[in-house]
Structure formats: structure tokens, C-alpha cells
Amino acid sequence: MKKTILEIENLSKTYGSSVVLKDISLKVNEGDTIVIIGPSGTGKSTLLRCVNLLTKIDGGKIFLDSEEITAPGVSEDNVRQHIGMVFQDFLLFNHLTAIDNVMIGQVKVLGKSPADAREKALQELERVGLKDKANHYPGQLSGGQKQRVAIARALAMDPRIMLFDEPTSALDPELIGEVLEVMKRLANDGMTMLVVTHEMGFAREVADRIIFMEHGLIQEEGSPNEMFYHPKHERTREFLWKITELYGKHEDQGSEKL
Amino acid sequence: MELTQLLKVIQFILGGTFVTIGVTLVALPLGFILGLVLAVIRVFGGKISSSIVSIYSAGMRGVPVIVLLFVLYFIIAGAINISPFWAGSISLGIVSSAYQMEILRGAVLSVGSGQMMAARAIGMTKIQAIQNIILPQALRLAIPPWSNEASIVLKDSSLVYALGVPEILRRSQFMSASTYRPFIAFAIAAAIYFVLVFLMNQLLCMLERRLSIPGLQQ
């Protein structure tokens, strides 16, 4: 029986007069890779930022490892140590080298010794294929490299779950592949991941479940096979194939019944 | 004027350089430390503390420096028995803190909220984020406008002449009166200030280059 790492119950979030998230409930089990897709502006990024408490929720509850992290009195800083986040615009610390970026959280937040932090940092940089760029500054790296360092930075904290907020949306097309490759390997290694993306190829290949969000609600969810080939709603089919047309690969489209 | 007399005049006025530098070395760091604390409160503090700092800044920057110098001098010298040098220098520092606060505030805002978000996302507290992520970047961004303020403080140190402090301007006033050659006396003062400001800017330029972050074009 797989453990439930993250559970979201009836989450709602309103900005001013617009309700961005109406009523979101979902569960992420250990080792799952859940991909969230949907039109822009439907609250997908907001959802991720609510999960790691960067954004204050208006209603509902969030549980990490069965403990309610939205309960009053919970230390948010503490919770965030266990949730890794990768942002669309990388947000590396510009004044620090790649390895310092990966080390600083371990030293300042986890209290590790610099030697231990460095060892772990080198491991994570190796994992994302950038050990040789350890002493480079973010300004000297390409977008794809920056994002991979950002992933290493999040991984170095040994999070229970990794959140990816459109990790490849700001990248040149040629650089998207290297980041998706790292994410694929992470998923295969058993990391629990919640990914917001438009990369349909990734969703189809790697996701355990795909969630389609629109108008602040989960419209439909299911396995990639269900969502792509036997969706319950026309809108789901329309969106998934439209995005695939724009972004993804069509390898086997011709042989499937639509 | 004979050459020997001219040299004596120059030597006398030059003697005030140490006092001028002294005033600057008290006022500038005082203004920086105070300005830094105020800037952090202004950007990251709650509504009330932020407003208080805002009012302080508006007050200090809304009145001519020399007027404030007199006001603060009489407050400080009235409360404790200190020399005009210290009273003047501290007053200058307090005035400068308001300008430096605005410079540092601008620099902190330029760093961008994304950096704070990324720092919080790995579990840093707000204070850790400010200390380790925001300020190191902000201080580098602040160097150019700060060099400007440093030059201003160096030049404004001349205002303490009005409190009787024997720095460059005061001495040139004295020389002007005793030699009846005001142009020479004040031209010498102007030349000395010019060299001091020039040297200070060169130093700050070197500092900026040493601290610059590789890869970032600014």
C-alpha cells in the first residue's frame, strides 16, 4: 500500500474579486509523478505555491505525510524544508556559484557542516549532469543549465516531494530536452513529483496521472492513456490534443482512434 | 603673494584635510549602518514601522542639510558635552542615513521578489533570506548611487565650518581673512576637495569591480 505524501482537501484561493482556485482536492502517493495541465491563468501555479505555503490559502486543508501543514501554529519555514520547488524563471541566487547555490540551503537551513554540504552538493550536481560547472556563476550558464542547477538545489534538501512550476516554459526549445531528461530520471528513481507543464510528451511518457484544470477546478483526471485516448469530456480531448499539436510529438497519433 | 607665503597658506589649509576626512569617516559609516537598518525595516517591516521610517526619511530630506545640522547640533550638544567635531559629524551621519536608506531601499527592490521566494522555498526564514540572499546582491547594486552619496557627504563635511570645526573650509576662511586674498584661499580649498572626491570615486570604482558578480551585465 503506497504512502500518501501529499493530500489537498477542498483548497480555495481568491485574489481580490476573482476566485482563482474554487475547490481543489487531490492526493499524491509516494513515487507518483502527477502532471497538471490546463489553460494559462487557471491557477495551476497558484496551486503549487499554496502547497508550499508561499501563498496563503483561503479555504481547505493541506496534509504532508498526513500532518496538516495549514493548521494554525505550524512553522511554515520548517514545512518548506521538506518540499522542493523549481520555478519557471529558475531563480538561482546570482551572487553564488552553482555549488554554493546547492550548498547554502543545507548549511543555513539544515545546519550541515560545509564539508558535508559540499559532498552532497557535488552528488546532486552530478545527478543533473553539471558537476563540471560547479564553480560557474548563474550568469555564466545557459537557461537549461540554470534550471538543472535549480533542480539540484531543491534536491539537496532531501524533500519529500518536488514541485515543478512550468520548468521548461522559459527555455529555448533546444534546451528543454536536457531538463526533461533530468526530470524523467528523477521520476524513474522514485521521486514524488507534482509537475505543472505544457510538455505533453513528458506527460504521456512519465506521468502516473494527468490532471486537467480549468476555471479553478479539476475538470478531469486519469492515467495518460485514459486522458489522451478515452477522456470523459470533449474539452479534455480538445485541450490535450491542441497542446500536443503546439508543443509535443505526434509519434503514434496516426494509429490511434480519436 | 610670494611663493613662500603661498606655500604656507597651502600647508595651513591642507592641514584641515585630516579633519575633513575624519568628519567623513564618522558621518558616512554612521549613515550607512543606520540607513541599512532603516531600509530593511522600510521594505520588509510591517505597515506601521514602514510608515515611521518613511516619515523620518521625508523629514530629513525635506530640510536643507545646514539647517538640520544646526538643529541636530543644538540637540546633541545640549544633551551631552561633546565637541563640535563629533556633534557635527554625527548630525551629518543622521542626515545622510535618510538618503542612504532610499538608495539601499531602491537596491533591495531591484533584486526582485523572486529571489526572496526562492530563498523561502528552500526553508530560509525571512531574516536568513534578507541576510544571505537579498543584501549581498542589493549592496552590489547600490555601489554606483552610493558613490554619489559618498561624494556628497565628503563635500557636505564643509558645512561643519559653521560650527567652528577647523576643517578645510574653515581654514581657508581664516586664510582669506588674514591674507586678504579670498580667491587664492578658496581656490586652494576647491582644489583639495576636488582631489579628495576624485580619489574617493576611484577607490569605489575599484571596489565595484572587485565585488562584481561574474556573468551579470549591469
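This is a predicted model: local features need pLDDT of at least 70, side-chain atom pairs count only at pLDDT 80 or more; totals for chains, interfaces and linings use all residues.
Glu178(A) is partly exposed, at a relative accessible area of 23%, whereas Arg148(A), at 12%, is buried.

A further link between distant parts of chain A joins strand β10 (residues 217-222), which holds Glu221(A), to strand β9 (residues 209-214), which holds Arg209(A); the side chains of these two residues meet in a salt bridge of 3.0 Å, N to O. Within helix α9 (residues 234-247), by contrast, Arg237(A) and Glu234(A) are separated by about one helical turn because they are three residues apart, and their salt bridge has its closest N and O atoms 3.5 Å apart. Here Arg237(A) is partly exposed at 23% relative accessibility, while Glu234(A) is exposed at 53%.

Turning to the interface, 23 residues of chain A are in contact with 21 residues of chain B, and the two chains bury about 2,000 Å² between them, 66% of it on carbon and sulfur atoms. One salt bridge is counted between the chains, and it pairs Arg120(B) with Asp77(A) at 2.9 Å, N to O. On the side of chain A that touches chain B, α2 (76-80), β6 (83-86) and α3 (98-108) each supply at least two residues, with α3(A) giving the largest share, three residues. The residues on that side comprise eleven nonpolar, seven polar and five charged. Arg120(B) and Asp77(A) also belong to a network of salt bridges that includes Glu76(A) and Arg80(A).

Terms used
Residues are numbered from 1 along each chain as its sequence is written. Chains are lettered from A and ligands numbered from 1 in the order in which they are written. Side-chain values use heavy atoms; hydrogens and water are left out. Contact means heavy atoms within 4.5 Å. Buried area is the accessible area (1.4 Å probe) that two parts lose on being put together, summed over both. A salt bridge is a side-chain nitrogen of Lys or Arg within 4 Å of a carboxyl oxygen of Asp or Glu. Helices (H or I, at least four residues) and strands (E, at least two) are DSSP runs, numbered from the N terminus. Ala, Val, Leu, Ile, Met, Phe, Trp, Tyr, Cys and Pro count as nonpolar, Asp, Glu, Lys and Arg as charged, and the others, Gly among them, as polar. Buried means under 20% relative accessible area, exposed over 50%, partly exposed in between (1.4 Å probe, protein chains only).
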